[in-house]
Structures are given as C-alpha cells and as structure tokens.
Amino acid sequence: MNIVLILVTCPDNAVAHDLSNQLLQRREAACVNIIPGISSVYWWEGEVESDSEVLLVIKTTTELISKAEQTVTNYHPYDTPEFVVLSTQHVNEQYAAWLINNVAIA
C-alpha cells in the first residue's frame with residue numbers, strides 16, 4: 001500500500017476546514033494539513049489571476065485517491081479544483097502504519 005500526498009487549494013479557511021472534515025469523516029484521509037495565506041497566480045479564462053488561497057496537504061493511500069477526488073469534486077466551490085497527487089519516496093514506518101490504520105480500505 002503506497003502513501004500519497006494530495007494538494008488542493010481552497011478559497012478560504014472555512015472551505016478548507018469543511019473539505020478536510022469531509023475527507024476525514026469518510027476515512028479518505030488520515031491527516032490534512034491546512035496551510036493558510038498562500039498566494040496563487042494562475043491562468044483562468046485567458047487572463048492571469050492572483051488570489052489568496054489556503055492549501056490542503058492531504059495524506060492518504062493510492063487506493064483512496066479516486067474516492068478523495070470525488071469528495072473534493074462534490075464539495076469544492078471551484079469549477080475546476082486543484083487535485084494534484086504526489087507519490088512518496090520514503091515514509092517513516094511508524095507513521096505509515098498509523099496512516100494506514102486511520103483510513104478506510106474498501
């Protein structure tokens with residue numbers, strides 16, 4: 001079972017906390033870091049935009065990526081929410097065991 005990190009940006013802390021709670025309640029993530037105060041500069045509808053956002057770093061397993069993506073898609077207010085999965089090269093054995101024990105494996 002491989003552990004992955006998923007990056008999702010949110011428009012504000014309220015959305016970040018709501019989305020984190022949805023993922024945790026469904027056991028699609030064992031932990032979500034909420035990092036406020038990031039600045040995002042990006043292309044949207046042909047123009048460069050700039051916004052303050054909140055970054056989620058979601059810790060889960062490869063088996064739960066599609067479920068987590070569906071939850072983000074269903075509960076995120078953006079038309080096109082960021083959902084970027086990063087593979088891990090090494091995860092401490094004790095942390096990996098804790099993470100695996102705290103997510104639902106379907």
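Biologist: Which residues does threonine 71 touch, not counting residues up to four places away in sequence?
Modeller: In this predicted model, threonine 71 lies in helix H2. Leaving out residues up to four places away in sequence, the residues that threonine 71 touches are Leu19, Gln22, Leu23, Arg26 and Glu28.

Biologist: Is threonine 71 buried or exposed?
Modeller: The relative accessibility of threonine 71 is 4%. Buried means under 20% relative accessible area. Threonine 71 therefore counts as buried.

Biologist: What distance separates the C-alpha atoms of threonine 71 and alanine 30?
Modeller: Along the chain, threonine 71 and alanine 30 are 41 residues apart.

Biologist: How are the helices and strands arranged along the sequence, and what is the pattern?
Modeller: The protein has three helices and four strands. Read along the sequence, these elements follow the pattern β-α-β-β-α-β-α.

Biologist: Which elements give two or more residues to the largest nonpolar core?
Modeller: The largest nonpolar core has 16 residues, and Ile6, Val8, Cys10, Leu19, Leu56 and Ile58 touch the most other members. The elements that give two or more residues to this core are strand E1 (3-10), helix H1 (13-25), E3 and helix H2 (65-75).

Biologist: Which residues are among the members of the other core?
Modeller: Another core lies apart from the largest one and has six residues. Among them are Ile3, Ala30, Leu99 and Val103.

Biologist: Which residues does isoleucine 6 touch, beyond those up to four places away in sequence?
Modeller: Isoleucine 6 is one of the residues that touch the most other members of the largest nonpolar core. Not counting residues up to four places away in sequence, isoleucine 6 touches Leu56, Val57, Ile58, Thr60, Ala68, Phe83, Val84 and Val85.

Biologist: Why does isoleucine 58 count as buried?
Modeller: Isoleucine 58 lies in strand E3. Beyond its neighbours within four places in sequence, isoleucine 58 is in contact with Val4, Leu5, Ile6, Val8, Leu23, Ala29, Cys31 and Val32. Isoleucine 58 counts as buried because its relative accessibility is 0%.

Biologist: How far apart in space are isoleucine 58 and valine 85, C-alpha to C-alpha?
Modeller: In sequence, isoleucine 58 and valine 85 are 27 residues apart. From C-alpha to C-alpha, their distance in space is 9.2 Å.

Biologist: Is isoleucine 34 buried or partly exposed?
Modeller: Isoleucine 34 is placed in strand E2. Not counting residues up to four places away in sequence, isoleucine 34 touches Asn13, Ala16, His17, Ser20, Val54, Leu55 and Leu56. With a relative accessibility of 25%, isoleucine 34 counts as partly exposed.

Biologist: What value does phi of arginine 27 have?
Modeller: Most residues other than glycine have a negative phi. Arginine 27 is found in the loop between H1 and strand E2 (31-44), and is partly exposed, with a relative accessible area of 41%. Arginine 27 is a residue other than glycine, yet its phi is positive, near 60°.

Biologist: What is the phi of glutamate 45?
Modeller: Glutamate 45 is found in the loop between E2 and E3. Its relative accessible area is 70%, so glutamate 45 is exposed. Although glutamate 45 is not a glycine, it has a positive phi of about 50°.

Biologist: Which residues form a nonpolar patch on the surface?
Modeller: The patch has about 370 Å² of accessible area in total. One of its residues, valine 48, has its place in strand E3 (residues 47-61). The residues that form the patch are Val41, Trp43 and Val48.

Biologist: What is the radius of gyration of the protein, and why does it agree with that of a compact globule?
Modeller: Along the principal axes, the C-alpha trace spans about 45 × 25 × 20 Å. A compact globule with 106 residues would have a radius of gyration near 13 Å, which agrees with the protein's 14 Å.

Biologist: What percentage of the accessible surface belongs to carbon and sulfur atoms?
Modeller: Of the 106 residues of the protein, 32% count as buried. The accessible surface comes to about 6,500 Å². The part of this surface that belongs to carbon and sulfur atoms is 48%.

How values were computed: Residues are numbered from 1 along each chain as its sequence is written. This is a predicted model: local features need pLDDT of at least 70, side-chain atom pairs count only at pLDDT 80 or more; totals for chains, interfaces and linings use all residues. Side-chain values use heavy atoms; hydrogens and water are left out. Patches are made of residues with over 30% relative accessible area and no salt bridge: like charges are joined within 9 Å, nonpolar side chains (Val, Leu, Ile, Met, Phe, Trp, Tyr) within 5 Å. Accessible areas come from the Shrake-Rupley method with a 1.4 Å probe; for residues, only the protein chains shown count as cover. A salt bridge is a side-chain nitrogen of Lys or Arg within 4 Å of a carboxyl oxygen of Asp or Glu. A nonpolar core is a set of buried Ala, Val, Leu, Ile, Met, Phe, Trp, Tyr and Cys residues joined through side-chain atoms within 4.5 Å. Buried means under 20% relative accessible area, exposed over 50%, partly exposed in between (1.4 Å probe, protein chains only). Contact means heavy atoms within 4.5 Å. The radius of gyration is taken over C-alpha atoms; the globule rule is 2.2 Å times the number of residues to the power 0.38.
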